[in-house]
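Visitor: I am new to reading structures. Could you walk me through one, feature by feature?

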Amino acid sequence: MDEKTETAAESWYGAGVRFECTRCGRCCGGSSGTVLVSDAEIVALARRLELSPDEFRAGYTRRLRGGDLSLRERRNYDCVLYEPGVGCSVYEDRPRQCRTYPFWRVNLHSKESWEEEATHCPGIGEGDLWGDERLLPLLADDGISTDR
Ligand code: SF4
Ligand code: SF4
């Protein structure tokens, strides 16, 4: 078993971590970041917005230095697909990176990194206990780690 798929039982979060989304929307904007989108995700998002994949790429994405595509941000750093007061406008087709947040490897790397993320996400530390069964599939493909 490699490092990235160590079981939760072997890690600092072996007893599970608590999380329940409050739908505050903070993870969709407010500061600069990237939201990676794969070709398959672009096809789904384009279909949803009744655009061609190329139109979606041109209007809603930007290319990062490494070559990946990210969703664009508005001037206030909100995701281009975020609607204030409403939330994600493409929720059922949101990219994997959005589906797995806050359970990214970078956030669960250490107790300190998880606690640091909790200063941005009020759902961390609240609600359900998330253990191995739910955490491991998310960590194995969090949609943002560079070795995905
Ligand atoms: S910041 Fe956390 S609590 Fe707020 S919408 Fe995002 S995941 Fe949910
Ligand atoms: S795609 Fe939706 S869930 Fe993801 S950052 Fe944009 S608005 Fe938020």
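**Reading the model step by step**

Guide: Let us begin with R23, which is exposed, with a relative accessible area of 62%. Keep in mind that this is a predicted model.

Visitor: Why does R23 count as exposed?

Guide: The cut-off for exposed is over 50% relative accessible area. R23 has 62%, so it counts as exposed.

Visitor: Where is R23 in the chain's layout?

Guide: R23 is in the loop between β1 (17-19) and α1 (39-48).

Visitor: What should I look for in the backbone angles?

Guide: Start with the general idea. Most residues other than glycine have a negative phi, and most peptide bonds are trans. Now the case here. R23 is not a glycine, yet its phi is positive, about 60°.

Visitor: What is phi of E50 near?

Guide: Phi of E50 is near 55°, again a positive value in a residue other than glycine. E50 is in the loop between α1 and α2 (53-60). E50 is exposed too, with a relative accessible area of 73%.

Visitor: And the peptide bonds? Which form does the bond from Y101 to P102 take, cis or trans?

Guide: That bond is cis, with omega near 5°. P102 is in the loop between α3 (96-100) and α4.

Visitor: What does the shell around ligand 2 have by class?

Guide: The shell around ligand 2 has nine nonpolar residues, no polar ones and no charged ones. Its members are C28, V35, L71, C79, L81, Y82, C88, P95 and C98. Ligand 2 also sits in the largest pocket.

Visitor: I see cysteines in that list. How many disulfides does the structure hold?

Guide: The general idea first. A disulfide is a covalent bond between the sulfur atoms of two cysteines. Here the structure holds zero disulfides.

Visitor: Why do C88 and C98 count as partly exposed?

Guide: Partly exposed covers the range between the buried cut-off, under 20%, and the exposed cut-off, over 50%. C88 has a relative accessible area of 28%, so it is partly exposed. C98 has 32%, so it is partly exposed as well.

Visitor: Is S70 buried or exposed?

Guide: S70 is buried, because its relative accessibility is 0%. This residue is in strand β3 (residues 69-71). A polar atom of the S70 side chain lies 3.0 Å from the backbone nitrogen of V35. V35 is one of the residues around ligand 2.

Visitor: What does the side chain of S113 reach?

Guide: The S113 side chain reaches the backbone oxygen of N107, at 3.0 Å. S113 is in helix α5 (residues 111-118). With 17% relative accessibility, S113 counts as buried.

Visitor: Last one. Where is L108?

Guide: L108 is in helix α4 (residues 105-108). L108 is buried, with a relative accessible area of 3%. Now compare sequence with space. L108 and E92 are 16 residues apart along the chain, and 25 Å separates their C-alpha atoms.

Technical notes
Residues are numbered from 1 along each chain as its sequence is written. Chains are lettered from A and ligands numbered from 1 in the order in which they are written. This is a predicted model: local features need pLDDT of at least 70, side-chain atom pairs count only at pLDDT 80 or more; totals for chains, interfaces and linings use all residues. Side-chain values use heavy atoms; hydrogens and water are left out. A residue is near a molecule or strand if one of its heavy atoms lies within 4 Å of it. On a 1 Å grid over the protein atoms alone, a cavity is a set of points where a 1.4 Å probe fits but cannot get out, and a pocket is an open set with protein on both sides within 12 Å along at least five of seven lines; lining residues have an atom within 4 Å of a point. A molecule sits in a cavity or pocket if more than half of its atoms lie within 2 Å of its grid points. Ala, Val, Leu, Ile, Met, Phe, Trp, Tyr, Cys and Pro count as nonpolar, Asp, Glu, Lys and Arg as charged, and the others, Gly among them, as polar. A disulfide is a pair of cysteine sulfur atoms within 2.5 Å. Buried means under 20% relative accessible area, exposed over 50%, partly exposed in between (1.4 Å probe, protein chains only). Helices (H or I, at least four residues) and strands (E, at least two) are DSSP runs, numbered from the N terminus. A polar contact is a pair of N or O atoms within 3.5 Å; within protein, one must be able to donate a hydrogen and the other to accept it, and residues adjacent in sequence count only if both atoms are side-chain atoms.
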